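Thanks, everyone, for making the time this morning.

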Amino acid sequence: MKFAIISRGDQISNSLQMKMKNYLLDFDLVHDEQEPDIVISIGGDGTLLYAFHQYINRLDKTAFVGVHTGHLGFYADWMPSEIEKLVIEIAKTPFSVVEYPILETIVRHIDGGQEVCYLALNEATVKSSDGSLVIDVEVKGQKFETFRGDGLCISTPSGSTAYNKALGGAIIHPSIEALQVAEMASINNRVFRTIGSPLILPGHHTLMLKPKKETDLLITVDHKTFIHKDVKSIQCRVADQKIRFARFRPFPFWKRVRDSFIADHN
Ligand code: NAP
């Protein structure tokens, strides 16, 4: 089996990376950064997001596992003290895999310009580079509203605990194939009106966003930011691809939510 290890780059993560690499080589696993079967992320969720985007073209062939060193580590279930145990589990292949839904976002440009497709593990957000975002929101081919405000966040179930949560979105279990649309500071008064609540769309519903103003759009995809000019539409739906996590022991989602957000307070 071929493996790659991605470190957050701090001293602790780098030294764990070296240790794990040597242990895995001792078990006759092959270090292959181009075509790994398993990618071990050492750091936090930011590191796992980075790893996901590094191997985005081989999601069907690569499984991810996270070791967390200090940060929140919502996606990472292994502690640094457990790496020997993890190496033995990895060496015992085959391992079981759980799949989580991800988000597909297609940006289309005016006058038949190029079409750009992004995959997100957490979310995509849309903001205007100049003033309020004014954008028509269509759900399943029907106009739903015209949104005016700071922006929209379209998240995956596993990303629902990230930016989406800060916007008052619901936490969605990743076994549910859905995407969530959360508003960022919508303008609501006698003249302008949006729904004001997060929307959760099932896997077979497509969200289409059509800008009403000719401004550049800032589109974020997880930790990355892109500027798009002359946008005709932004299409979001649950992607056909999924992220695959290697699971060596149970890792209940609600326990993770509790441990990350509640644990020390009651
Ligand atoms: P960052 O600003 O350095 O860190 C964002 C924080 O979100 C980190 O504490 C990270 O955990 C945590 N996080 C990431 N994915 C998560 C998830 N699925 N569930 C719970 N927490 C999660 O940015 P970054 O490390 O490059 O990560 C980019 C992400 O930041 C975006 O995908 C977005 O979700 C999030 N973000 C949040 C806000 C907000 O909450 N207001 C605003 C902008 C962006 P670790 O410490 O373990 O890395």
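Predicted model: local features only at pLDDT ≥ 70, side-chain atom pairs only at ≥ 80, totals over all residues.

Let me begin with the side chains of E115 and R108, which are joined by a polar contact of 3.2 Å, where a polar contact is a pair of N or O atoms within 3.5 Å, and within protein one must be able to donate a hydrogen and the other to accept it, with residues adjacent in sequence counting only if both atoms are side-chain atoms. Residues are numbered from 1 along each chain as its sequence is written, and side-chain values use heavy atoms, with hydrogens and water left out.

E115 sits in the loop between β5 (96–109) and β6 (116–120), helices (H or I, at least four residues) and strands (E, at least two) being DSSP runs numbered from the N terminus. Leaving aside residues up to four places away in sequence, E115 touches I106, V107 and R108, contact meaning heavy atoms within 4.5 Å. E115 and S233 are 118 residues apart in sequence, and their C-alpha atoms are 9.8 Å apart in space.

Stepping back, the protein chain is divided into domain 1 (2–95 + 248–265) and domain 2 (102–240), with bounds from an automatic or database domain assignment. Their C-alpha centres lie 30 Å apart, and 13 residues of domain 1 are in contact with 17 residues of domain 2. Between them the two domains bury about 1300 Å², 77% of it on carbon and sulfur atoms, buried area being the accessible area (1.4 Å probe) that two parts lose on being put together, summed over both. On the domain 1 side, H53, Y75 and F253 lose the most area to domain 2, together 40% of what that side buries.

Of the 18 residues around the ligand, D45, G73, N122, E123 and T161 come nearest, a residue being near if one of its heavy atoms lies within 4 Å. Helix α2 (45–54) and helix α4 (163–166) each supply at least two residues of that shell, and α2 gives the most, with three.

As for individual atoms, a polar side-chain atom of N122 lies 2.9 Å from a nitrogen atom of the ligand, whereas an N or O atom in the side chain of E123 is 2.5 Å from a ligand oxygen atom. Y163 takes part through its backbone, with an N or O atom 3.2 Å from an oxygen atom of the ligand. Taken alone the ligand exposes 850 Å², and the protein buries 64% of that, with accessible areas from the Shrake-Rupley method and a 1.4 Å probe.
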